[in-house]
Amino acid sequence: MNINKLLFVLYLIGAHVCCGELLTPVGATASSSASDTPPVNLINNSGLSLPISEASLHSNEDNTYWASSYSGGTGWLVLDLGSTWAVDGAILWQYNRPNLGNLGVSDFDILASTDMNNWTTVMSDAYLPRSQTDTFGGVQESDAFNFTSTPARYLKLDIKDNHGSNALVALSEVKFTGTAIPEPSSAILILLTGGLIYFKTRILGGR
Ligand SMILES: [Ca+2]
């Protein structure tokens, strides 16, 4: 493979395959919450082991999770990524206070939006397993949910049920995965660069 073909292959890999990042929301709102369990506890890394990654474990300490007010076990969360990304997954850490696993999120949908007005359902009837704190020594592993890559700044978790309590619903931490969407000028530059490499390789006989 000559250098021109190598450049073109690298361009294709860079433009189309590259790497999802772990995205931490910058804002969180909830259908309701108790005063000592606000939704910011879902996005401030509270309770997560270092270094922060999908493999981090969430502690079961007080004031590290979100819990609704008495809601019958349903509710919603809106997470704000701060800017629009091509989002392709959610990483959730289940609520894991000891002997209270019935409060954790079970059935939920995920909706995506760029403007908080128009919403697209990207995941229907997803299921988050009940915390296994007994077997994991009190710390909680994450659960990953993948969906078709969708442009989104706002992600809504529509929580339709918990694990059996008729009181409230709770969750420990939320992140997403996705890739940056190039600015229009950057996108044009990428296309021009790819086109020039292709032209040089295939039309001018660089093969
Ligand atoms: Ca937390």
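1. The protein chain has two helices and eight strands. Both kinds of element are DSSP runs numbered from the N terminus, with helices (H or I) of at least four residues and strands (E) of at least two. Along the sequence the pattern reads α-β-β-β-β-β-β-β-β-α.

2. The model is predicted: local features need pLDDT of at least 70, side-chain atom pairs count only at pLDDT 80 or more, and totals for chains, interfaces and linings use all residues. Residue numbers start from 1 along each chain as its sequence is written.

3. Of the 207 residues in the protein chain, 34% count as buried. Buried here means that 20 or more other C-beta atoms lie within 10 Å of the residue's own; exposed means 12 or fewer, partly exposed in between, with C-beta atoms placed from the backbone.

4. Strand β8 covers residues 170–180, and it is largely enclosed by the rest of the structure because nine of its eleven residues are buried.

5. Which strands pair with β8? Pairing requires that DSSP finds at least two bridges between two strands. Strand β4 (residues 75–94) runs antiparallel to β8 and is joined to it by nine bridges; Leu92 has Val174 as its bridge partner in β8.

6. Strand β1 (residues 21–23) also pairs with β8 in the antiparallel sense, over three bridges, and Leu22 is bridged to Thr177. Strand β3 (residues 66–67) pairs with β8 antiparallel over two bridges, with Ala67 bridged to Ala170.

7. Of the contacts in the protein chain with a separation of 6 or more, 81% involve residues 24 or more positions apart. A contact is two residues whose C-beta atoms, placed from the backbone, lie within 7 Å.
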